[in-house]
Amino acid sequence: MHGPASPGWLLVALCAATGAYCLLRMRSAVEEQRRAAGGEALMGFGMAAMAVPAAAFTPPAWAWPAFAAVFGAAALRALWAARVSAHHLHHLVGAGAMVYMAGVMAAAPAHQHGHGGSGVPLLTGVLLLYFTGYVLLAGVRLLPVAGAGGAAVAWSDRPEVARACRLSMGIGMLAMLLTM
């Protein structure tokens with residue numbers, strides 16, 4: 001999460017832009033899309049905040065437990081919402097991964113952030129496998145379908161842009177897990 005400065009800032013920009021677009025999606029006329037976009041905006045901005053390079057800003061000791069609490073609450077909300085839509089199970093895994101990373105960062109001494117070897121290797125490996133599969137599947141879903149087209153759709157309702165945002169957050173999660 002706190003690796004070299006240049007990739008860290010690129011990850012911050014990617015996650016913040018994704019979070020900003022998800023805020024726009026919260027204005028959608030489709031209720032389920034608004035609900036999903038809120039969780040995705042929280043994830044995007046949270047990932048951006050956690051990815052800020054340590055050379056630029058070292059969070060105070062209370063920040064990591066605060067991240068864990070916020071994403072723990074998001075995980076509980078996703079668990080509750082999963083009763084209605086299986087898509088929220090992905091939100092549950094993502095929020096759980098954020099809780100895990102915040103816990104690892106809270107437990108690690110400040111000088112070890114971004115040097116690897118932190119966390120539980122089995123859990124980190126399982127999360128890496130999950131998000132690798134998710135990224136590959138999300139990438140395939142972005143491939144154009146022959147004959148697809150239709151009426152003009154508002155930016156907040158464009159499914160391909162929402163899929164691209166989910167893909168970028170999945171890639172960001174992979175980067176954060178790899179540098180943990």
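Helix α3 spans residues 63-81, 19 residues in total. From first C-alpha to last it reaches 27 Å, close to the 27 Å expected at 1.5 Å a residue; the expected span is 1.5 Å times one less than the number of residues. The model is predicted: local features need pLDDT of at least 70, side-chain atom pairs count only at pLDDT 80 or more, and totals for chains, interfaces and linings use all residues. Numbering runs from 1 along each chain as its sequence is written, and side-chain values use heavy atoms, without hydrogens or water.

**Faces of α3**

- A63, W64, F67, F71, A75, A78 and A81 are buried (under 20% relative accessible area, with exposed over 50% and partly exposed in between; 1.4 Å probe, protein chains only).
- Seen down the helix axis, the buried residues of α3 fall within an arc of 120 degrees, so they line one face; the arc is taken from the directions from the axis to the C-beta atoms.
- Those buried residues pack against α2 (31-50) and α4 (87-107).
- A69, L76 and W80 are exposed on the other side of α3.

**Whole chain**

- The protein chain has six helices and zero strands, where helices (H or I, at least four residues) and strands (E, at least two) are DSSP runs numbered from the N terminus.
- Its pattern along the sequence is α-α-α-α-α-α.
- Of the 180 residues in the protein chain, 41% are buried.

**Contacts and surface**

- Among contacts (heavy atoms within 4.5 Å) between residues at least 6 apart in sequence, 78% join residues at least 24 apart.
- The protein chain exposes about 9400 Å², by the Shrake-Rupley method with a 1.4 Å probe.
- Carbon and sulfur atoms supply 73% of that area.
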